[in-house]
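Subject: Structure handover

Hello,

Here is the structure I promised to pass on. Please open it first, then read the notes below.

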Amino acid sequence: MHRSGERWRKGRLVRSRRMVVAANVTEYEYVEGSIPTEWDSWIRGRRKEPPSVEELLKNQSYRDNIKIKAREVEEKDLILQAKEYEDGLVTTPAKTLAKGHAASTDFGKQEISEDPSSTANTFQPGSWLPKK
């Protein structure tokens with residue numbers, strides 16, 4: 001048993017080739033994701049029939065609605081976090097500054113700083129320095 005689009009040729013099972021010619025796009029302008037997933041599935045043989053225009057429009061509308069709903073949930077969450085902060089239920093996250101990288105020449109050198117710092121899984125709280 002073999003998938004549609006495959007044929008026996010000289011005693012071997014050979015997949016048929018599927019190609020899409022994009023309108024007004026040159027090779028250097030292609031970016032991953034610029035071909036709709038429905039067409040990608042058809043090209044790779046994961047579906048038998050190419051997508052219809054109606055299917056493409058329906059799926060794009062669905063993806064757009066999901067993005068809108070996700071944005072609304074994120075906005076509601078930010079409003080709730082701000083209200084909880086105002087009510088004193090939570091504190092704002094500590095703002096830390098990542099200083100350096102393990103491959104950096106000055107990594108690991110201790111500098112006294114008033115600001116907290118973070119590198120990977122370590123945390124260095126800020127320190128107080130007397131005024132001279």
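Does Glu38 count as buried or exposed? At 5% relative accessibility, Glu38 counts as buried, because the cut-off is under 20%. Please keep in mind that this is a predicted model.

**Overall layout**

The protein chain has 2 helices and 4 strands. Along the sequence, the order is β-β-α-α-β-β. Of its 132 residues, 7% count as buried. The chain exposes about 12,500 Å². Carbon and sulfur atoms supply 55% of that area. Take the contacts in the chain with a separation of 6 or more: residues 24 or more positions apart account for 16% of them.

**Around Glu38**

Glu38 is found in helix α1. Leaving out residues up to four places away in sequence, Glu38 touches Arg47, Pro51, Glu55, Leu56, Asn59 and Arg63.

Ser41 has 19% relative accessibility, so Ser41 counts as buried. The cut-off for buried is under 20%. With residues up to four places away set aside, Ser41 touches Arg46 and Arg47.

**Salt bridges**

How many salt bridges does a search of the whole structure find? The search finds 4. Some background: side chains of opposite charge can pair when their charged atoms come close.

- Arg63 is partly exposed, at 31% relative accessibility. Glu38 is buried, with a relative accessible area of 5%.
- Arg47 is partly exposed, with a relative accessible area of 22%. Glu55 counts as partly exposed at 25% relative accessibility.
- Asp87 has 46% relative accessibility and counts as partly exposed.

**The loop between the helices**

Where is Arg44 placed? Arg44 is in the loop between α1 and α2. Its relative accessible area is 46%, so Arg44 is partly exposed. The C-alpha atoms of Arg44 and Arg18 are separated by 7.8 Å. Along the chain, Arg44 and Arg18 are 26 residues apart.

**Surface patches**

Which residues make the nonpolar surface patch of about 310 Å²? Tyr85, Leu89 and Val90 make it.

Tyr85 is found in helix α2, which covers residues 53-86. Tyr85 is partly exposed, with a relative accessible area of 46%. Val90 lies in the loop between α2 and β3, and β3 covers 117-119. Val90 is partly exposed as well, with a relative accessible area of 35%. Beyond its neighbours within four places in sequence, Val90 is in contact with Gln81, Glu84 and Tyr85. Tyr85 and Val90 are therefore partners in the patch and in contact with each other.

A negative surface patch is also present. Its members are Glu72, Glu74, Glu75 and Asp77. Glu72 is found in helix α2. At 41% relative accessibility, Glu72 counts as partly exposed.

**Where to look first**

Then go to the patch made by Tyr85, Leu89 and Val90. Finish at the negative patch that includes Glu72.

Best regards

Methods: Residues numbered from 1 in each chain as written. Predicted model: local features only at pLDDT ≥ 70, side-chain atom pairs only at ≥ 80, totals over all residues. Heavy atoms only, no water. Buried < 20%, exposed > 50% of the residue type's maximum accessible area, 1.4 Å probe, protein only. Contact = heavy atoms within 4.5 Å. Patch = residues over 30% accessible without salt bridge, like charges linked within 9 Å, V, L, I, M, F, W, Y side chains within 5 Å. Areas by Shrake-Rupley, 256 points an atom, 1.4 Å probe, with all protein chains shown as cover. Salt bridge = Lys/Arg side-chain N within 4 Å of Asp/Glu carboxyl O. Lys, Arg positive; Asp, Glu negative; His and termini not counted. Charge placed at Lys NZ, Arg CZ, Asp CG, Glu CD.
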